There are 2 protein chains.
Amino acid sequence: MNAHEKETAVDALLSQRVAQVVERDELRRMLLSTDRPLRVKFGVDPTSPDLHIGHGVPFERLRAFQDLGHLPVLVVGDTTAQIGDPSERNSTRPMLSPEQVRANAETYLAQFGLIVDPARTEVRWQSEWFGQFGLADIFKLMSGFTLARMIERDTFAKRLAEGSPVSMHETLYPLLQAYDSVAIQADVELGGTDQTFNLLVGRDVQRDHGQTPQQIMTVELLVGTDGVQKMSKSLGNAIGLTDPPYEQYAGTMSISDELMDNWARLVTRWTDAEADALLASVASGETHPKAAKQRLAREIVARWHGEEAAQAAEAEWERRVVQGEVSAGSAIAFAIPPDGIDLPDLVVGAGLAASRSEVRRLVQQGGVRIDGKVETNELRRFSADAAVEIRIGKRKAAHVELRTTG
Amino acid sequence: MNAHEKETAVDALLSQRVAQVVERDELRRMLLSTDRPLRVKFGVDPTSPDLHIGHGVPFERLRAFQDLGHLPVLVVGDTTAQIGDPSERNSTRPMLSPEQVRANAETYLAQFGLIVDPARTEVRWQSEWFGQFGLADIFKLMSGFTLARMIERDTFAKRLAEGSPVSMHETLYPLLQAYDSVAIQADVELGGTDQTFNLLVGRDVQRDHGQTPQQIMTVELLVGTDGVQKMSKSLGNAIGLTDPPYEQYAGTMSISDELMDNWARLVTRWTDAEADALLASVASGETHPKAAKQRLAREIVARWHGEEAAQAAEAEWERRVVQGEVSAGSAIAFAIPPDGIDLPDLVVGAGLAASRSEVRRLVQQGGVRIDGKVETNELRRFSADAAVEIRIGKRKAAHVELRTTG
């Protein structure tokens, strides 16, 4: 790579899929001039064993750092996972056992290796340093941080205002993950926009421990198939990295047209210019939204399963949904959240309708049959470990097996 | 001790100088019926080496437990002292070194032995259990407590409202001292009313760790010689347990008449009935307030130095103050806070006037001379390591050496 190519690659790294770089000019200078590999921290929260396509966004940024000669340092949060990241949710969750954490982390790392070269990655476990962490270390770590700043933190402030409990041990989460930056001597930390608070705390804690504060790069979060919340397995709005081609394809086809922009930029291998071109072509009427979405769905399947699998998934989807050629034998296995799923999500997820509102309209018109009977409850719920036959009008049908997520 | 005597002693223990007993009937039942010694926890904050007469109040309660056959368990806060008790102050203070803490604790224990029998006391150091405390222990301890409850705590709420910083490590203080109750398997915990929050947390933490929650007994706090704040060496309003007889006597004579009630009940060996009788006799005009205060001052000196020393101190005070017979040779050594002392406190503290307002009036009348010159600044400040000659009118004088506290 010559100097010009390097500059182009650095500028792409600093802009594509990136939400914020705290000191952009300084990080650019470091990337262009440094004669040693930068240590690029990325925290792994091993509380869920299955990754979704949203995880591909930071992985792809780490790959770009790697391609410029830098070193991703994965920090497996086997200690903080026993707390759980308060950014992730609105209530305190039960602590995981060390065994669960370790098993989840191994699955995580296998999927990480689909994008980033594991041979040029340093993997560290928090327990390396936190196993020996005593009260004196905790005092030093906590004393650099005020209670006022902690309760101003958005997720805590929200839960306090709502009266939902925040357990005191959750306040350790940002401090401990920040200390990881000290332990591994991070030059840069990468994370989602929901990690901005934690990443900034890392800078303070490094300063308290006599280190140069790390640079910070955040990436945009992928919105889930529901079009509302951040993609998350536990919300049932996710497409798994290792889901079979047809599920990935049908799941992508179920998203709303409005979500196309977010997805085209984040989960494809396209440049911003390529994504812009496709979206502009839809806006001008040149490309039909469905055709654009099919191109997106093909790209996603191709990325994780290859071009051939993508074409096969598309052909199957066309057959099942557009032409209604669904045989009793071709069952769809469908992963749902532990607390079940309602009818509109089920029908959209199975690729039998385009939106929740369409499903509700079809039910009102008497056009939806479950196991042969006309369904009248628009919001009927389905639990896991069941199998149902769904028919929409006369032409569309699917036999769906419901499994629990994870 | 027969059954009736025991019941009388238990009722005295539960009422004299006691502010609150959380489950009074239950503790009374335990004290009357138990066939094993109760473990009575008392936390020692070894951040200040010198104790004042206010510390005598809980010590005397511990002695009463001891006389009923129970076991005081002193917990020396050598770990939490590195944080400092947030109840004690309005701002975060620097951490003490382990060496300072240990030296202070030894001085503390020597003074404790003036009232409580050390041979029938168990002394434990927090470092016995906290030395090995790891993050998993901390998680368990903190997870039982919410952020909402922590920020509602009066001292934290006040500092947060004022915008003065509360460091995160201070939030560990109540939790760690509460864990002490688990470590020593406390049946009862004794403390000042300012410790009520901490003592209640002890009950919760014991419950979280599968123990029966301790009973709680709080004692009233002694107001300092200023008549305003809780007695504290660092506020310069204290009479030290080991201060010489004359200083104790003159310090007591300097308190306001209003403070007599608080002091007569808390720092004497008198029963409530005896204190009531003295106060009633003052109220009825039968006893002059000055005579009553002299009786109080004699009792305090006698308690810590014996009857003979009390009489000698009274004689000296009469000579110096009432008769003005102060020779240049009979200097008063006077301990003042690090930031100095103002004229009214100095004159009252030296036993040359009864109140700050009297001193200010005397200055306005031109009746106060410092080192021979008429003083016009009512609030002139004096710093340590100086010696001044004070004259009040024609008859009262003292040569005062100013030393730093501690």
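Is Asn237(A) buried or exposed, and why? The model I am presenting is a predicted one, and I shall take that residue as the point of entry before turning to the contact between the two chains.

Asn237(A) counts as buried because its relative accessibility is 1%, and the cut-off for that class is under 20%. In chain A, the residue sits in the loop that runs between strand S6 (215–219) and helix H11 (245–253). Setting aside neighbours within four places in sequence, Asn237(A) is in contact with Gly224(A), Thr225(A), Asp226(A), Gln229(A), Lys230(A), Met231(A) and Ser232(A). As for Lys230(A), its backbone oxygen is 3.3 Å from a polar atom of the Asn237(A) side chain.

I now turn to the interface. The size of an interface is often given as the accessible area lost when the parts come together. Between chain A and chain B, the buried area is about 2,500 Å², with carbon and sulfur atoms giving 84% of it. On the chain A side, the residues that lose the most area to chain B are Phe139(A), Leu147(A) and Met168(A), which together make up 31% of what that side buries.

In terms of residues, 29 of chain A are in contact with 29 of chain B. Six residue pairs are in polar contact across the two chains, both residues being at pLDDT 80 or more, while the count of salt bridges is zero.

Which helices of chain A each supply at least two residues of the side that touches chain B? They are H6 (135–143), H7 (147–152), H8 (154–162) and H9 (172–184). H6(A) gives the most, with six residues. By class, that side of chain A has 20 nonpolar, eight polar and one charged residues.

How values were computed
Residues are numbered from 1 along each chain as its sequence is written. Chains are lettered from A and ligands numbered from 1 in the order in which they are written. This is a predicted model: local features need pLDDT of at least 70, side-chain atom pairs count only at pLDDT 80 or more; totals for chains, interfaces and linings use all residues. Side-chain values use heavy atoms; hydrogens and water are left out. Contact means heavy atoms within 4.5 Å. Buried area is the accessible area (1.4 Å probe) that two parts lose on being put together, summed over both. A salt bridge is a side-chain nitrogen of Lys or Arg within 4 Å of a carboxyl oxygen of Asp or Glu. A polar contact is a pair of N or O atoms within 3.5 Å; within protein, one must be able to donate a hydrogen and the other to accept it, and residues adjacent in sequence count only if both atoms are side-chain atoms. Helices (H or I, at least four residues) and strands (E, at least two) are DSSP runs, numbered from the N terminus. Ala, Val, Leu, Ile, Met, Phe, Trp, Tyr, Cys and Pro count as nonpolar, Asp, Glu, Lys and Arg as charged, and the others, Gly among them, as polar. Buried means under 20% relative accessible area, exposed over 50%, partly exposed in between (1.4 Å probe, protein chains only).
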